[in-house]
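Here is a short report on selected features of one protein model. Please keep the structure open while reading.

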Amino acid sequence: MTYVQVSAAAIRAIFRLGWCVTDHNVDNTTEILQEWLAAVEGHYRHIEWRAEDEPSSYADELGPKHWSKERFEHVMRLKQGALNFARAERADYILFTDTDSILTNNQTLKFLMAQNKTVIAPMLDSQTYYSNFWCGITPQARYLFCCLSMTVDLPRLLLWEFYHCAKVVEQRTADYFPTKNRQRVGCFPVPMVYAAFLIDLRKGESAKLAFYPPHPSYTWPFDDIIVFAYSCQAAGVQIYLSNQEHFGYINVPVKSHQTLEDESINFVHLILEAIVDGPPMTPSEHVYLPPKRLSKIGFDEIFLINLARRPDRRHRMLSALSELEIDPLLVNAVDGSALNSSDIKKLGVDLLPGYYDPFSGRTLTKGEVGCFLSHHYVWKEIVARGLDKSVVLEDDVRFQSYFKKRLLRLMDDLEQAQLDWDLIYLGRKQVNSEDEEPVEDVRNLVVAEYSYWTLAYVISRRGAQKLIDALPLSKILPVDEFLPIMYDKHPNLQTVEKNRQRVPG
């Protein structure tokens with residue numbers, strides 16, 4: 001299968017026949033499709049190919065992602081043209097796939113055909129609650145809805161916390177989430193599908209289906225998706241959705257005012273989520289992909305801490321960072337499970353007297369010792385190399401959408417505000433729920449309260465020096481307990497005082 005980032009194209013495949021039309025492009029969509037078709041044309045009896053480079057936009061559009069009336073009508077005519085072509089060629093089936101659909105399961109067609117439905121779609125996953133179906137529709141062709149909001153935290157760190165709150169409002173029926181999350185699995189009747197679906201042209205009732213012109217009694221919004229759903233309803237054809245397999249993904253559409261760059265960022269994030277959740281997307285062998293241009297994105301170094309016995313995490317993180325075009329330095333983590341008492345003594349490590357985990361009541365584990373030593377090594381490296389600003393990542397990070405863009409904007413804001421900082425959490429667990437003080441003149445940055453986790457942070461050379469000067473190995477405790485002590489936000493004053501008693505000066 002292939003995945004390519006394109007702006008405006010319609011690809012329709014009919015078994016051993018191909019119908020491909022592309023137009024209104026402002027990128028290299030035409031060249032990509034030509035390259036792919038040249039490689040696969042031997043698998044088709046015939047390919048109908050039409051490409052128009054001009055005009056590159058619609059007269060009534062506000063931008064490349066704005067769906068104007070003219071654009072909707074043009075797409076409906078294209079889809080109707082594909083359907084007419086399939087019927088004229090006496091095809092048994094026609095598979096409609098939009099270019100934001102990524103089919104990763106090479107058995108998708110066989111599976112859909114075996115369901116013996118007139119219209120059926122494979123459910124496509126995304127990095128949000130978005131998918132390619134509706135479970136309910138009102139007489140006005142709108143979602144039946146229930147409202148919800150979700151707040152997503154991002155960052156965390158030493159003196160400051162860089163945060164992002166995303167408020168998501170969805171309008172769905174009670175069946176939508178159980179279906180989308182595969183809490184119920186099967187082949188279900190639904191009122192509408194889009195982006196990827198199969199029509200069985202052997203069935204007589206399919207002859208009444210159409211995209212254009214809309215049904216004479218149609219009064220719903222002028223939208224190809226809803227026009228087709230109404231056509232199915234008028235013809236008495238039930239639409240079905242299958243979530244019985246993982247078929248692939250769908251890119252979340254951007255808003256009308258957004259750009260192709262925003263769409264590209266969304267697509268990269270979809271790839272990152274697939275790397276984590278699987279199955280991963282594999283680039284087509286038939287399309288040339290230029291090599292990634294990896295960089296430190298303005299930092300002196302980007303450290304990636306990884307245990308040698310976890311190559312799965314290393315591979316996942318290196319793949320994700322490559323997609324983000326970030327060049328990390330791999331740091332072999334200290335494996336605490338391999339340390340014995342003699343090793344710990346040679347390293348000059350001693351436990352903080354009287355320390356117990358505040359939640360479980362246990363003492364320090366060997367894994368926590370190894371984690372602290374790994375971060376301590378990075379801090380020493382920063383000081384030794386004179387690195388003014390670095391990023392430290394653990395190997396279980398999951399990146400948010402727009403991560404790189406937001407991080408670069410944060411660093412620009414810090415420079416403009418001329419703010420002194422030592423460490424900035426890019427991901428954390430806020431232990432308490434109290435409000436945190438916003439940092440003036442820096443967007444999405446707060447003064448961090450008591451926090452856990454060290455999975456991602458930005459640290460200055462001065463910050464690293466302060467952490468080393470505290471001689472933490474002689475009174476070691478978990479690194480995510482140590483940092484709040486260093487910025488005076490640890491709630492256990494007794495632990496803080498015991499730690500401070502052994503800090504020189």
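**Cores**

The model is predicted. Its largest nonpolar core holds 35 residues. Within that core, Trp379, Ile459, Phe482 and Leu483 touch the most other members. Several elements give two or more residues to this core: strands E14 (301–306), E17 (423–430) and E19 (451–460), together with helices H9, H11 (461–469) and H12 (479–486). The top contributor is H9, with 6 residues.

**Histidine 375 and glutamate 481**

Helix H9 spans residues 366–385 and contains histidine 375. Glutamate 481 sits in helix H12. Histidine 375 is buried, because its relative accessible area of 1% falls under the 20% cut-off. Glutamate 481 also has 1% relative accessibility and counts as buried.

What else surrounds them? Leaving out residues up to four places away in sequence, histidine 375 touches Ile305, Val392, Glu394, Thr454, Tyr457 and Val479. With neighbours within four places in sequence set aside, glutamate 481 is in contact with Tyr355, Pro358, Tyr450, Tyr452 and His490.

**Helix H1**

Helix H1 runs over residues 29–40 and has 12 residues. From its first C-alpha to its last, H1 reaches 17 Å. That is close to the 16 Å expected at 1.5 Å a residue. Which residues of H1 are buried? They are Thr29, Thr30, Ile32, Leu33, Trp36, Leu37 and Val40. Seen down the axis of H1, these buried residues fall within an arc of 160°, so they line one face of the helix.

Glutamate 31 also belongs to H1. Is glutamate 31 buried or partly exposed? Its relative accessibility is 47%, so glutamate 31 counts as partly exposed. Glutamate 31 and alanine 51 are 20 residues apart in sequence. In space, their C-alpha atoms are 9.8 Å apart.

Note on methods: Residues are numbered from 1 along each chain as its sequence is written. This is a predicted model: local features need pLDDT of at least 70, side-chain atom pairs count only at pLDDT 80 or more; totals for chains, interfaces and linings use all residues. Side-chain values use heavy atoms; hydrogens and water are left out. Helices (H or I, at least four residues) and strands (E, at least two) are DSSP runs, numbered from the N terminus. Buried means under 20% relative accessible area, exposed over 50%, partly exposed in between (1.4 Å probe, protein chains only). Contact means heavy atoms within 4.5 Å. A nonpolar core is a set of buried Ala, Val, Leu, Ile, Met, Phe, Trp, Tyr and Cys residues joined through side-chain atoms within 4.5 Å. The expected span of a helix is 1.5 Å times one less than its number of residues. The arc is that of the directions from the helix axis to the C-beta atoms.
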